[in-house]
Amino acid sequence: MKKLIFAALLMLIALVSNAQVEKILGEWRTVDDKTGETKGVVLFYQDETNGLYYGKLTHVYYQGQELFDPQYVGLVVIKDMKDDDGVLKGGTLFEPDSGKTYYGKITYNAKDNTITLRGSIDKMGWLGRSQTWIK
């Protein structure tokens with residue numbers, strides 16, 4: 001009986017964490033953490049062949065105006081993220097403005113339906129900065 005309860009509990013935990021990641025999928029408006037300005041829209045998706053999560057730019061904005069810039073539109077800026085109990089991590093975040101790549105972590109915030117991205121130069125996430133994006 002204890003084994004059955006334990007197995008059911010594990011399945012429930014797996015479903016809850018998967019539900020969190022499912023809420024991350026789709027389009028998110030990127031917001032600059034310094035200016036509060038919308039910079040673009042990123043589409044989050046799961047690659048069916050490897051099960052990892054990615055994000056690519058679908059729209060780019062400059063001074064409030066939408067631009068079609070083939071240099072950026074379609075660019076995969078979030079790569080190789082893995083689901084770790086409802087948090088995406090283990091992959092990288094690319095910042096087109098600076099050309100730099102950071103270690104990444106993405107968390108869904110159920111209270112306000114936003115996601116928080118933490119980009120850092122160290123794998124532990126101590127040296128970096130965070131941005132909140134809007135669905």
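How many bridges join strand β1 to β2, and do these strands run parallel or antiparallel? Strand β1 (residues 26-31) is joined to β2 by six bridges, and the two strands run antiparallel. The model is a predicted one, in which local features need pLDDT of at least 70, side-chain atom pairs count only at pLDDT 80 or more, and totals for chains, interfaces and linings use all residues. Residues are numbered from 1 along each chain as its sequence is written, and side-chain values use heavy atoms, with hydrogens and water left out.

**Strand pairing**

- Strands are DSSP runs of E with at least two residues, numbered from the N terminus, and two strands pair if DSSP finds at least two bridges between them.

**Aromatic contacts**

- Rings of Phe, Tyr and Trp (its six-membered ring) pair if their centres lie within 6.5 Å; planes under 30 degrees apart count as stacked, over 60 as edge-to-face and the rest as tilted.
- By this rule there are two aromatic pairs.
- Phe44 and Trp133 make a tilted pair, because their ring centres are 6.2 Å apart and their planes stand at 50°.
- Phe44 belongs to strand β2 (residues 38-46) and Trp133 to strand β9, so this pair ties together parts that are 89 residues apart in sequence.
- Phe44 is buried at 3% relative accessibility, and Trp133 is buried at 6%; buried means under 20% relative accessible area, exposed over 50%, and partly exposed in between (1.4 Å probe, protein chains only).
- Tyr45 and Tyr54 form a stacked pair, with 5.9 Å from centre to centre and 25° between the planes.
- Tyr45 is partly exposed at 28% relative accessibility, whereas Tyr54 is buried at 10%.
- The charged end of Lys56 sits over the ring of Tyr45, 6.0 Å from its centre; this term requires NZ of Lys or CZ of Arg within 6 Å of the ring centre and within 35 degrees of the ring normal.

**Salt bridges**

- A salt bridge is a side-chain nitrogen of Lys or Arg within 4 Å of a carboxyl oxygen of Asp or Glu, and the count by this rule is three.
- Lys39 and Asp97 form one of them, with their closest N and O atoms 3.2 Å apart.
- This pair links distant parts of the chain, 58 residues apart: Lys39 is in strand β2, and Asp97 is in the loop between β6 (87-95) and β7 (100-109).
- Lys39 is partly exposed at 30%, while Asp97 is exposed at 59%.
- Asp84 and Lys89 meet in a salt bridge at 3.1 Å, N to O; Asp84 is partly exposed at 36%, and Lys89 is partly exposed at 33%.
- Glu95 and Arg129 meet in a salt bridge at 2.8 Å, N to O.
- Glu95 lies in strand β6 and Arg129 in strand β9, so their contact ties together parts that are 34 residues apart in sequence.

**Nonpolar surface**

- Ile121, Met124, Trp126 and Leu127 make a nonpolar surface patch of about 550 Å².
- Patches are made of residues with over 30% relative accessible area and no salt bridge, with like charges joined within 9 Å and nonpolar side chains (Val, Leu, Ile, Met, Phe, Trp, Tyr) within 5 Å.
- Leu127 is found in the loop between β8 (114-120) and β9 (128-134), and Leu127 is exposed at 53% relative accessible area.

Conventions:
Accessible areas come from the Shrake-Rupley method with a 1.4 Å probe; for residues, only the protein chains shown count as cover. Helices (H or I, at least four residues) and strands (E, at least two) are DSSP runs, numbered from the N terminus.
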